[in-house]
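Thanks for coming, everyone. Let me put the model on the screen and walk you through it.

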Amino acid sequence: MTDAETMPPALSVVVPCYNEEAVLDTLEARLAAVCAAQFGDSYEILLVNDGSRDRTWNVICALAERNPRVVGLDLSRNHGHQLAVTAGLHLSRGDLVLIIDADLQDPPELLSRMVARIAEGYDVVYGKRTHRHGESAFKRGTASLFYKLLNRLADHEIPLDTGDFRLMTRRVVDQLNAMPEHFRFIRGMVSWIGFNQTAIEYERDPRLAGETHYPLYRMIRLALDAITSFSTLPLRIASHLGVFMGVVGFGLLVWALASWLADGTMAGWTSMIAVMLIMGSLQLIILGVFGDYLGRLYIENKRRPLFILREVRGQSRVPTPPDA
Ligand code: UDP
Ligand code: MG
């Protein structure tokens, strides 16, 4: 291996890929073109296969064979989008790192504008979506609601309408890699890290092929990860609710006593059952919230590795034996 090959490249591109066989050739071509225009030979493209069920890994291997700047990472199973990105970030070596989705919803051609902002002294340049073509009104609506809620709850600002499409300097990536948590919400973690961050606006294209891997339940899971990772407010809500219910209960008591004094009757069974049901369900919900945090604490505490690699392919990397 020559010196040039062991030197870190100027740019690493991290691409999480889950069942993306149809888009990878186009992605590689477009990415390689913009990277070469910007940095010549000094870049690498890390394609992370996140336990795909189609021929994604074969396509990645073929690309790594053809383009010496392509590195293929094969995860042992499906780890999920955020951990696939995490794996890529851990193995990236570039002075700058770009995270981009495989489906070309985020145009690679924005790289030069992002690099220009970094040159102005920023450490993070994230893409902010002004339009989302080909996404349903429902997805846009829920996404916007989610960011509003998150910013209400989180202790620090998480920018609206951004994804993980972003260019970061090495010191930010090193900080990210030093954060051990399993429940990762990368865009929130990056904003937590700080330094100087800025946005560039762009229109989000529809998926090139295939379909979204974020159906509603996965979006809800990501949203819960985000909220519990960045806020402990839900834990404190219990005491606020307790005080509130106490005040309401006392008011009801005064009212009941007053009506008894006034006409000697004491109405009650229905309202008592209603109050009991409300209290019971409130307590269960609060227990559930506590349980959620506790479960996360338990999983974090196991300190398992964030991801498991099956294989690394790429002419610039030492290959791992298939059964390592
Ligand atoms: N992805 C992944 N693992 C998963 C799900 C998705 O690596 O379990 C990748 C996927 O290949 C894509 C990116 O994460 O590159 C974003 O996923 P998708 O485009 O489905 O989400 P959307 O853009 O609809 O939010
Ligand atoms: Mg997408």
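One definition to begin. Ala, Val, Leu, Ile, Met, Phe, Trp, Tyr, Cys and Pro count as nonpolar, Asp, Glu, Lys and Arg as charged, and the others, Gly among them, as polar. A word on the source: this is a predicted model, where local features need pLDDT of at least 70, side-chain atom pairs count only at pLDDT 80 or more, and totals for chains, interfaces and linings use all residues. Residues are numbered from 1 along each chain as its sequence is written, while chains are lettered from A and ligands numbered from 1 in the order in which they are written.

Start at ligand 1. The shell around ligand 1 splits into 6 nonpolar, 6 polar and 4 charged residues. Which of the 16 residues come nearest? They are Pro16, Tyr18, Ala102, Thr212 and His213. Near here means that the C-beta atom, placed from the backbone, lies within 6 Å of the molecule. Two elements, strand E1 (11–17) and helix H4 (81–91), each give at least two residues to that shell. Helices (H or I, at least four residues) and strands (E, at least two) are DSSP runs, numbered from the N terminus.

Next, the core. A nonpolar core is a set of buried Ala, Val, Leu, Ile, Met, Phe, Trp, Tyr and Cys residues joined through C-beta atoms within 7 Å. Buried means 20 or more other C-beta atoms within 10 Å of the residue's own; exposed means 12 or fewer; partly exposed is in between. The largest nonpolar core has 56 residues, and Val13, Val14, Val15, Leu46, Leu47, Val48 and Leu98 touch the most other members. H4 gives this core its largest share, 6 residues. Take Leu46. Setting aside residues up to four places away in sequence, its partners include Val13, Val71, Leu73, Gly88 and Leu91. Contact means C-beta atoms, placed from the backbone, within 7 Å.

Asn19 is not a glycine, yet its phi is positive, about 50°. Asn19 sits in the loop between E1 and helix H2 (24–39). Leu104 is not a glycine either, and its phi is positive at about 65°. Look for Leu104 in the loop between strand E4 (96–99) and helix H5 (111–119).

On to the helices. Helix H9 (residues 216–230) has 15 residues and reaches 21 Å from first C-alpha to last, close to the 21 Å expected. That expected span is 1.5 Å times one less than the number of residues. Buried in H9 are Ala226, Ile227, Thr228 and Phe230. What do they pack against? Helix H6 (137–153), helix H8 (186–193) and helix H11 (269–301). H8 has its own buried residues: Arg187, Gly188, Met189 and Val190. Just after H8, Gly194 has a positive phi of about 90°.

Beyond its neighbours within four places in sequence, Gln197 contacts Tyr122, Asp123, Val124, Tyr126 and Ser191.

Last, the record. An unreviewed UniProt entry lists residues 241–262 and 268–294 as "transmembrane region". In the model, residues 241–262 are 100% helix and 0% strand, with end C-alpha atoms 31 Å apart. Residues 268–294 are 96% helix and 0% strand, and there the end C-alpha atoms lie 38 Å apart.

Methods
Two residues are in contact if their C-beta atoms, placed from the backbone, lie within 7 Å. UniProt positions are given in the numbering used here, feature names are shortened, and annotations may be inferred rather than shown by experiment.
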